[in-house]
Amino acid sequence: MGLLPANSTASGSNSDTRMAGCLLTGIPGLEHLHIWLSIPLCTMYVAALAGNGILICVILSQPSLHEPMYIFLSMLASTDVLLSTSTMPKALANFWLGSSHISFDGCLTQMFFIHFLFVADSAVLLAMAFDHYVAICSPLRYATTLTSMVIGKIATATLTRSFIIMFPSIFLLKRLHYCRINIIAHTFCEHMGIARLSCSDISINVWYGLAAALLSTGLDIIFIIISYIHILRAVFRLPSPDARSKALNTCGSHVCVILLFYVPALFSVFAYRFGGRRIPRYVHILLANLYVVIPPMLNPIIYGVRTKQILKGAKEMFSNIIKESK
């Protein structure tokens with residue numbers, strides 16, 4: 001199935017490739033370690049599901065947490081769960097059962113949701129930075145600025161922007177003619193991995209992918225940095241050391257989450273584009289797999305440990321569950 005018949009015509013090859021689907025090889029060069037690698041990956045995935053699931057339940061069940069900060073946090077937890085779920089089940093099925101085949105349309109669908117959720121995750125982090133900016137720089141206007149209607153509009157804008165940015169990539173991939181090779185050296189489908197199966201000119205795909213990244217994640221990073229410059233200026237103008245400490249502690253959790261999200265992603269992107277052959281292919285793919293489980297796993301821990309309101313809400317939720325079970 002890795003190679004399609006050599007006597008296929010250009011159009012026939014394109015049709016056969018789409019009918020035959022694609023093969024995901026897993027982590028090339030580490031095939032003998034797939035079973036062992038699956039153990040920590042599965043553990044982290046289950047921990048991410050459990051941690052984010054509990055976090056969402058705590059926020060939804062506790063009226064005291066129905067504030068903009070925690071609503072944005074529940075949005076982040078939801079996108080984290082969906083992002084890891086869009087990749088890990090297929091990767092684990094490949095590691096355990098050798099289920100490497102995926103239909104062409106299935107591959108496009110997985111690609112779309114991975115990139116869609118990544119862009120949405122980035123937008124939620126920007127919304128959280130805006131929330132902190134308003135809370136610290138304009139506290140008297142906080143309640144009137146971040147109303148339920150505004151939060152709803154932010155959520156709608158997040159999903160709409162992610163859809164508009166990523167939807168064209170499906171058509172950019174469908175327009176290509178595909179060669180006889182249908183093997184993707186990865187554990188999941190991503191835009192350039194699919195495009196490189198083509199024997200057509202993929203320069204449009206390359207430039208579109210770069211533009212989409214710069215106009216979404218790139219702009220989000222710039223706006224987050226600008227927000228925190230203003231936040232830090234406001235914090236260090238506070239007269240009380242206790243107020244400064246409280247404000248910095250509030251922002252600390254968000255900064256940790258931002259670093260967890262962007263640093264591995266940027267390292268992976270730049271290492272892949274500029275590292276060339278100096279960095280083995282399996283390192284890139286291993287990093288990509290760790291990236292979709294480690295931040296989702298750690299985010300609930302960071303917020304749970306550093307945020308007293310969430311800890312208190314979790315205790316109340318579990319105590320209510322125990323009381324009802326008796």
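**View 1. The exposed cysteine C199.** At 51% relative accessibility, C199 counts as exposed, a class that requires over 50% relative accessible area, whereas buried means under 20% and partly exposed lies in between (1.4 Å probe, protein chains only). The model is predicted: local features need pLDDT of at least 70, side-chain atom pairs count only at pLDDT 80 or more, and totals for chains, interfaces and linings use all residues. Residues are numbered from 1 along each chain as its sequence is written, and side-chain values use heavy atoms, with hydrogens and water left out.

**View 2. The disulfide between C107 and C189.** The count comes to one disulfide, defined as a pair of cysteine sulfur atoms within 2.5 Å. C107 is joined to C189 with an S to S distance of 1.9 Å. C107 belongs to helix 5 and C189 to the loop between strand 3 (183–184) and helix 8 (191–195), so the pair ties together parts that are 82 residues apart in sequence. Helices (H or I, at least four residues) and strands (E, at least two) are DSSP runs, numbered from the N terminus. The torsion about the S-S bond is about -110 degrees, so the disulfide is left-handed. Both cysteines are buried.

View 3. C22 is buried, with a relative accessible area of 1%.

**View 4. Surroundings of I194.** Leaving aside neighbours within four places in sequence, I194 is in contact (heavy atoms within 4.5 Å) with F104, C107, L108, M111, L173, Y178, I184 and C189.
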